[in-house]
Amino acid sequence: MLLTAALALAPVLGPAQDPAQDPTPPLPAGLVAQWEGGQLSEKNFQEFLGRTFKNKQLGNDALRHLLQIQLVELEADRRSLTVPPELLEERITEARDAAEAEGYDLEKLVESRGLSMQRFRKLLGDSVLHEMMARQDLGLKRGQAVSAEQLQQWTDERLASLMERARIAPEGYAIHASPYIVTTPELGKVISDILGPLRKREYLEQLVLESYMPQWAKQEGIILSDDVLEAEIDWRRRRVAENPAYGGATYEGLLQTQGATLESVRQGSELRLAGLLRLYSRTVYDEEWFAALDEEARTRLENEYGAKRRVSWMMIRAVEEKRTEIDLDYAGAAKELDIYAARAQNPTQFAQLAERYSEHEESRKRAGELGWISRSGSGGAVDPALSENAFRAPVGVPFGPFRVSGGMALVWVHEERQSVSEEAFRDEVRRGRHVELRQRVLEKIELRTVYDEAAQVNASAQAIPVRD
C-alpha cells in the first residue's frame, strides 16, 4: 500500500514507460519539434498542453495531482508536522520489500516512473504526512491504520473548494488561490508525463500547424476573415446536430461541458487554424482540381459528400448454420424483421421496436437512430450494405429485411438532403479532407519531433495482436 501510495503521487496516470525504449531525440536539447523555418521548445509545448487541457477532465486530474502534493506539504507545515526519519527508513524498507515481492528492483521501478530515488523518498514522506494528518482529523490513535478510502475522502473534502476556484483562474494559471498556485506550464508538464508518445505527437502537430499556417497565409497574402470562421462554426454546429451520439446536444452545450464557450472558441488559435485550413484547401482543391476529376473519382466524392439521408435501423443477428436452438439463421432473422416491419406504421413505432428488439447495442440505446449517412457510409463508419439499402429505400416507410454484416436489418429513412449547389458540394469536399491536408502541410515543411520514433513503435505495437 505504501509503495502504491507514493507512486500514486508521481505524475504517471497511464502505463509506465521503459526509458530504454525512448530513443535519444535527434533534435537539439530542449527542442521538441523542428521544421523548415521553425522550431518549438519543450517549454512552449508544456504551456500549450496546460492551456489546452485547463478545466478539462485530463487537466483537472493533473491539477488534482499537483494540488494534492501542495495540500499535504502546506497543511503539514501549518501543523508543524515532520516525518520521523526512522519511520521514513522503515517505509523505504517496506517499499523495497513490496517491489521485490512483485519481482522488481525498487530503484529500477522508481526510475521507470521518471523519478529519482530522492524524489521518491520525498513522495513517500508526503504519503506518511498524509496519513498522519488524516489520522489526526479522524481521531484515530497513533499507529492506527488509515484506509485508502479515508485518505481519499480527507483529500477530496479539501480539494473541492480549490477545484472550484481553479475554474476562474486567470490566463497563464491553472489555479491562482494563494498559497495554491499552479501555472499552465506546470500543469502541462504533468499532462506531458501522462500522455503517451502517440498522443503527444498529435498535440504537438496541432501546435506546429497553429504556428506555421499564419506564416503561410501572410506569405501568400491571404486574409482570414470572420466569415470563414463563422462558416467553420456553422459546420461544427451541423455536425453535432446530425450525430445521434450527442443525444440532441447543441455545439454550444457541448462546449460548456468542456469548460469552454463559443466566445472562447472564437478567440482561440484552434478555430483560426481550422479557418486557415479552409483557405488552404481552396488552393489545393481548386477549380482546376475539380474539373480534372474523372467520372469514377467524381462519383466517389459524390457518394461521400453529396446527398445524405437521416436513417434509423434495427438489426437481428444471424448465422449461416444454426449451432444451438437459440441461434437464428438468415431466413429466421428475416421472418422476425418482417413482423416488426408490419408493426411499424410511423417513425415513433419504428423507434420503439428498434429500442426493444434491435441487437445492435450502440444504436439500440438511441432507439435505432444512426443520423445522417452518405452513400459511401459516411466515410466507412456504416456497413456498406446498410448505406446501399438506405439509399434504395423509399422515405417514410420500413425497408427490408436485407443482409448486413452479422445479421439482417430493416431501415427507416426519415428524410433526404441534397447538395444545394456545386459550390456547397465543393465546400463539403474541402472541409472533409482536412486530415489529409494537415498531413500534407506537415510533410511539406519536413516536421521532425522527439516523439516520432517512439510513437511509431507505440502504434506498431497496438496494431499487432499479441498471443498469450
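Are phenylalanine 350 and tryptophan 412 buried or exposed? Both are buried, where buried means under 20% relative accessible area, exposed over 50% and partly exposed in between (1.4 Å probe, protein chains only). The model is predicted: local features need pLDDT of at least 70, side-chain atom pairs count only at pLDDT 80 or more, and totals for chains, interfaces and linings use all residues. Residues are numbered from 1 along each chain as its sequence is written, and side-chain values use heavy atoms, with hydrogens and water left out.

**View 1. The open sheet has four strands in the order 6-5-8-7, with antiparallel pairing.** Helices (H or I, at least four residues) and strands (E, at least two) are DSSP runs, numbered from the N terminus; two strands pair if DSSP finds at least two bridges between them. At the edges are strand 6 (369-374) and strand 7 (398-404), each of which pairs on one side only. Ten bridges join strand 5 (residues 308-317) to strand 8 (residues 407-417) in the antiparallel sense. Isoleucine 316 has methionine 408 in strand 8 as its bridge partner.

**View 2. Helix 17 (residues 347-357) has the buried residues Phe350, Leu353 and Ala354.** They lie on the same side of helix 17 because they cover an arc of only 100° around the axis, the arc being that of the directions from the helix axis to the C-beta atoms. An α-helix has 3.6 residues a turn, so residues three or four places apart point the same way. The face turned away from the buried side of helix 17 carries the exposed residues Thr348, Gln352 and Arg356. Among the elements covering the buried residues of helix 17 are strand 5, helix 16 and helix 18 (361-364), contact meaning heavy atoms within 4.5 Å.

View 3. Rings of Phe, Tyr and Trp (its six-membered ring) pair if their centres lie within 6.5 Å; planes under 30 degrees apart count as stacked, over 60 as edge-to-face and the rest as tilted. Tryptophan 289 is partly exposed, because its relative accessibility is 26%, whereas phenylalanine 290, at 4%, is buried. The rings of phenylalanine 350 and tryptophan 412 have centres 5.7 Å apart and planes at 50°, so this pair is tilted. The pair links distant parts of the chain, with phenylalanine 350 in helix 17 and tryptophan 412 in strand 8, 62 residues apart.
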